[in-house]
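Work through the following exercises with the sequence and the coordinates open, and check each step of the solutions against the model.

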Amino acid sequence: MTSNKNHFVAPIDETPLQATDAVKTDQAPLSLWADAWRKLRRRPLFIISALLILALVVIALFPGLFTSTPPNEGCELANSEGGPTAGHPFGFTFQGCDVYSRVIHGTQASLSVGLLSVLCVLVIGVTLGALAGYYGGWIDAVLARLGDIFFALPLVLGALVITQLPVFRENKSVWTVVFVISLLAWPQMARITRGAVIEVRNSDFVTAARALGVSKFGALIRHVLPNALAPIIVLATLELGVFIVAEATLSFLGIGLPQSIMSWGNDIAGAQASIRTRPEIMLYPAAALSITVLSFIMLGDAVRDALDPKSRQR
């Protein structure tokens, strides 16, 4: 018996495999940061938060562009708890000061404390976390136990204790608040840095660099840390908003910035006397604080999603 088997083979010109399987070799692969920036530019969350933060920075640097009224001058008791008038859209405080001017000038102190605290926490936390994660051994054990001590101390309680020391009680300033926050908040940054460094230190490119004669410390600075920056940047962005809230909380409790320095925490504390008659006096600095913190949280979420390795694989 014979069987006829028909073999159907498509002509070559109908299946241009070369065009189908072609790989674009003229485009270099995107790096982590280039790919993250490409994603960020397309996210409305990032654009909105970045614009809000840019506006806040401009207000903090150039408050005179938004108000010509000095925050602590021209306060008249005759205007106490007065409503909005021409040139004073938010009304007046219990002491007769312009609420709008105080909110504008308070941006500078709040942002300054947040930014300076983040910088100090980065220096302390990244340094200690990188050393602990890369070298391990007794260095890791000592720094881990030191971090646990500070982890067990709540921020507000620790600040209450530290600020009662004579050297801090008699010299309240922006730098005092920055020092207190940095002293109590660095362990979280150190722990994140330690984990990121441990994940990167055994990579092939680090081993290759060591084989080529790069010192252990040189490999940490030139190869390990640059590739462990993603979670550090995300945490720094999120903690900036946290530190601004911490400053407002400490100022509200009377252990933060002195009353002579404009800050939203001081204004919220001062508005307690008018909470029943003019609650909007407290609303304005509280709204400015909420918008600022929300902007940094949204920015941190957008950066985290852009730098997430799982989202890069999708």
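A polar contact is a pair of N or O atoms within 3.5 Å; within protein, one must be able to donate a hydrogen and the other to accept it, and residues adjacent in sequence count only if both atoms are side-chain atoms. The model is predicted, so local features need pLDDT of at least 70 and side-chain atom pairs count only at pLDDT 80 or more, while totals for chains, interfaces and linings use all residues. Residues are numbered from 1 along each chain as its sequence is written, and side-chain values use heavy atoms, with hydrogens and water left out.

**Exercise 1.** Describe the surroundings of Thr 107.

Solution. Begin with the location, which is helix H4 (residues 99–135), helices being DSSP runs of H or I with at least four residues, numbered from the N terminus. Thr 107 has a relative accessible area of 3% and is therefore buried (under 20%, with a 1.4 Å probe and protein chains only). Next, a polar atom of the Thr 107 side chain lies 3.3 Å from the backbone oxygen of Val 103. Finally, with residues up to four places away in sequence not counted, Thr 107 touches Leu 56, Ile 59, Ala 60 and Trp 264 (heavy atoms within 4.5 Å).

**Exercise 2.** Is Ile 47 buried, partly exposed or exposed?

Solution. First place Ile 47 in helix H3 (residues 44–61). Its relative accessible area is 39%, so Ile 47 is partly exposed, a class that lies between buried and exposed (over 50%).

Terms used:
Helices (H or I, at least four residues) and strands (E, at least two) are DSSP runs, numbered from the N terminus.
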